[in-house]
Amino acid sequence: MAYTDDAVKAKLSALNETQESIVTVAQWVMFHRRHADRTGTLWLQRLKDSGSNKRLNLVYLANEVAQQSKARRKDDFLIAFSPIIAEATAIAYKGATNEVQQKLRRVVEVWRQRQIFESTIQEAIEARIDELDKTRSSSKKPLLGGSLFSGSSGPSAPSEIEPLVPLQIAVSKAAATTLSALPTADSEYDKLTDPSKPTPTPPVHAARLSALLKNLANAEGAVSESIKARCGLIAGLESIIETNRTALASEEAQKETLTTRKNVIEAKKREVEDGIMRGLSAPSTPIIAHGGSSSDPRTNGGAMSPNDNPSVEPERPYVEELTPPPESRAPAGSPATAIPAAPSTHVQPTPSSHHAPIAPPTAGADLLSSLSMPPVRHYPGTPGSAGGGMAKKRKVDDDYPDFGSGEDAMADLDDDVAELLRAESGGAR
């Protein structure tokens with residue numbers, strides 16, 4: 001079938017939602033890619049005149065043609081669709097059911113993932129859809145850069161950035177228009193100014209020059225609109241930047257003030273803690289040693305008490321002595337009542353046939369008893385006894401109290417005993 005407007009309209013009218021129908025029409029359209037601009041115009045007009053479901057099929061057709069052109073590196077239809085794809089998608093999206101809108105979002109998301117169109121064209125498409133979503137209170141979708149076309153909700157833009165959204169949308173629209181107008185103007189200009197090509201007849205040449213002037217004017221207007229939109233966006237960005245610079249200066253001054261206050265409080269805290277440590281290291285109450293003197297060398301004339309030095313044994317408490325001092329002992333020849341006499345014990349041996357009876361204790365024995373000494377035992381057959389026996393001294397038992405110490409005390413005791421033995425010996429004779 002030859003390419004005509006009626007043929008294109010017939011193909012678009014016969015299009016349905018099946019994969020086979022979409023692929024068949026896409027192949028016929030791509031075969032006539034020399035007429036890509038005219039096909040794009042007829043496609044947009046058919047989309048505007050169709051219903052919601054038919055519009056979805058036409059978007060599917062554009063998706064098939066665009067992806068096949070990208071894969072084959074044939075940019076005819078990509079260039080033809082670039083200035084009209086954002087408008088067409090918005091027309092198909094507006095007024096459609098939620099199911100149809102979800103399918104359209106999926107198509108636009110595929111374009112983003114596979115980078116079918118230029119980034120400015122892609123942003124313009126998403127901006128148009130987002131602008132439509134903002135008018136619907138029941139279903140608000142996230143702004144650009146989020147998961148708009150994946151069907152998941154995301155955070156909305158901050159209120160400070162909301163004034164920039166329409167400015168960015170205007171820039172995207174102007175960029176899309178410029179992107180489509182410039183290639184056409186440049187192409188027509190190169191054809192008419194190429195010296196290698198023959199000059200057409202004056203009427204044809206005049207008509208082509210008029211068309212070129214129109215294309216150049218359209219491109220100039222598109223570029224002017226893009227410049228205007230970008231200037232507005234830059235002004236909005238500069239306003240936000242200036243606001244943030246003022247807030248930054250204020251916050252830096254606040255930080256400096258807080259840092260100064262923090263340093264002052266830290267110094268005061270260290271001072272208080274040092275005072276607490278000094279208070280803990282000093283003694284809370286003075287310790288009074290024996291005799292009422294302070295244990296602190298500063299109040300005790302510089303002398304250190306036993307409590308200050310743990311290596312010095314502390315002073316023993318005063319305890320009354322149980323043993324009389326040496327000067328309290330009665331001298332020899334003093335009355336016997338000066339010192340209490342220890343009880344005396346007389347050993348009475350059993351009488352036998354060859355032993356004489358033991359004589360009763362004499363005055364000497366009583367004197368020894370008065371001196372708390374052990375009594376002198378008289379054995380039979382010794383001088384001083386009834387049998388003429390000799391007196392024998394006993395060693396002083398340790399249990400008896402000590403009336404003296406050293407060799408002088410023992411000498412005095414020996415003299416007394418010797419004197420008593422002599423007196424007894426004289427009486428016996």
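Begin with the second largest pocket, which has a volume of about 410 Å³. A pocket is an open set of points on a 1 Å grid over the protein atoms alone, with protein on both sides within 12 Å along at least five of seven lines, and lining residues have an atom within 4 Å of a point. A volume is the space filled by probe spheres set on the points, which are joined across faces, edges and corners. The model is predicted: local features need pLDDT of at least 70 and side-chain atom pairs count only at pLDDT 80 or more, while totals for chains, interfaces and linings use all residues. Residues are numbered from 1 along each chain as its sequence is written, and side-chain values use heavy atoms, with hydrogens and water left out.

Select Asp-37, Ile-79, Ala-80, Ser-180 and Thr-184, which lie nearest the centre of this pocket among its 14 lining residues. Next, colour helices H3 (36-49), H5 (76-81) and H9 (164-193), each of which supplies at least two residues of the lining. Helices (H or I, at least four residues) are DSSP runs numbered from the N terminus. Which helix gives the largest share of the lining? H9 does, with six residues. The lining has six nonpolar, five polar and three charged residues; here Ala, Val, Leu, Ile, Met, Phe, Trp, Tyr, Cys and Pro count as nonpolar, Asp, Glu, Lys and Arg as charged, and the others, Gly among them, as polar.

Axes are lines fitted to C-alpha atoms, for helices over the stretch in contact, and angles run from 0 to 180 degrees between N-to-C directions. In the contact (heavy atoms within 4.5 Å), H8 contributes residues including Ile-121, Ala-124 and Arg-128, and H9 contributes residues including Ile-169, Ser-172 and Leu-179. By class, this contact has eight nonpolar, three polar and five charged residues.

A cavity is a set of points where a 1.4 Å probe fits but cannot get out. How many cavities of 30 Å³ or more does a search of the whole structure find? The search finds one. Select Val-29, Thr-39, Trp-43, Leu-61, Val-65 and Phe-81, which line the largest cavity. H3 and helix H4 (52-72) are the elements that give two or more residues to this lining. The lining has five nonpolar, one polar and no charged residues.

Trp-43 also takes part in the next stop. Helix H1 (residues 5-13) packs against H3 at an angle of about 45°, with the axes 10 Å apart, and that makes H1 oblique to H3. Select Asp-5, Val-8, Lys-9, Leu-12 and Ser-13 in H1, which meet Arg-38, Leu-42, Trp-43 and Arg-46 in H3. This contact has four nonpolar, one polar and four charged residues.

Finish with helices H6 (residues 85-93) and H7 (residues 98-114), which pack at an angle of about 160° with their axes 10 Å apart. They are therefore roughly antiparallel to each other. Ile-85, Thr-89, Ala-92 and Tyr-93 of H6 make the contact with Gln-101, Leu-104, Arg-105, Val-108 and Trp-111 of H7.

Technical notes: Angles under 35 degrees count as roughly parallel, over 145 as roughly antiparallel, 65 to 115 as roughly perpendicular and the rest as oblique.
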